[in-house]
Amino acid sequence: MTIEQAINQADETCQNVYTKQEKIRWLSRLDAMIKAEIIDTHEDAAQVSFAGYHANTEPDTVLLVPAPWDEIYIRYLEMQIAYANGEQGRYNNATDLYNTLFSDYRNAYNRKHMPLTTKVRYF
C-alpha cells in the first residue's frame, strides 16, 4: 500500500478535516514504530531502510507493512482522526482493529525472520 492509497481509503471511510501533511506525519510515526519495535529486532533489519515521511515524500511511496496486513494504515489513520475529533466510540473501535492487525503482522514477521540474539556473559 502506498501513502496515497492509505490516505484515500481512510478519507473514504472517515470524513475529516485533517490535512494530507498531518496524515503523512501520522503514517511516518507508525512506520517508525514498526521499524523500531518489529523490524529492527531481527537479524535482517539492515535490508529495510526508513528515514521517515514528510510533505515532499512521493505519494506513491510504498509503506513498510505488506498485504494482507496493510489495512493497519487505514485503521491507524481512522484511530488518529477519531482521537483528534474526541469521538471515543469510533476511536475504541479503530483501536481494536489496529491492535489486532499490529499483533497479526508482528507475529507473522516473527515467524519469518530470525530474531537478534544476544551473547550470555557469565561473571
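**Charged pairs, then rings**

Reply: Counting salt bridges in this model gives 5, and please keep in mind that the model is predicted.

Me: OK, which residue does Lys23 pair with, and how far apart are the closest N and O atoms?

Reply: Lys23 forms a salt bridge with Asp11, and their closest N and O atoms are 2.6 Å apart. Lys23 belongs to helix H2 (residues 20–37) and Asp11 to helix H1 (residues 3–13), so the pair ties together parts that are 12 residues apart in sequence.

Me: Are those two buried or exposed, or something in between?

Reply: Lys23 counts as buried, because its relative accessibility is 3% and the cut-off for buried is under 20%. Asp11, at 26% relative accessibility, counts as partly exposed.

Me: What about Glu22, which residue does it form a salt bridge with?

Reply: Glu22 forms a salt bridge with Arg25, with the closest N and O atoms 3.1 Å apart. Both residues lie in helix H2, where they are 3 residues apart, about one turn of the helix. Glu22 is partly exposed with a relative accessible area of 23%, and Arg25 is also partly exposed, with 44%.

Me: And in helix H3, how many residues apart are Glu71 and Arg75?

Reply: They are 4 residues apart in helix H3, which means that about one helical turn separates Glu71 and Arg75. Their side chains meet in a salt bridge of 2.7 Å, N to O. Glu71 counts as partly exposed at 30% relative accessibility, whereas Arg75 is buried, with a relative accessible area of 15%. Salt bridges with shared partners join Glu71, Arg75 and Glu78 into one network.

Me: Switching to the rings, how many aromatic pairs are there?

Reply: The count comes to 7 aromatic pairs. One of them is Tyr18 with Trp26, a tilted pair at 5.8 Å centre to centre and 55° between the planes. Trp26 is buried, with a relative accessible area of 5%.

Tyr76 and Tyr98 form a tilted pair as well, with 5.4 Å centre to centre and 50° between the planes. Tyr76 sits in helix H3 (residues 71–85) and Tyr98 in helix H4 (residues 88–112), so this pair ties together parts that are 22 residues apart in sequence.

Me: Those two tyrosines, Tyr76 and Tyr98, buried or exposed?

Reply: Tyr76 is buried, with a relative accessible area of 8%, and Tyr98 is buried too, with 6%.

Me: Last one, which residues form one aromatic cluster?

Reply: Trp69, Tyr105 and Tyr109 form one aromatic cluster.

Note on methods: Residues are numbered from 1 along each chain as its sequence is written. This is a predicted model: local features need pLDDT of at least 70, side-chain atom pairs count only at pLDDT 80 or more; totals for chains, interfaces and linings use all residues. Side-chain values use heavy atoms; hydrogens and water are left out. Rings of Phe, Tyr and Trp (its six-membered ring) pair if their centres lie within 6.5 Å; planes under 30 degrees apart count as stacked, over 60 as edge-to-face and the rest as tilted. Buried means under 20% relative accessible area, exposed over 50%, partly exposed in between (1.4 Å probe, protein chains only). Helices (H or I, at least four residues) and strands (E, at least two) are DSSP runs, numbered from the N terminus. A salt bridge is a side-chain nitrogen of Lys or Arg within 4 Å of a carboxyl oxygen of Asp or Glu.
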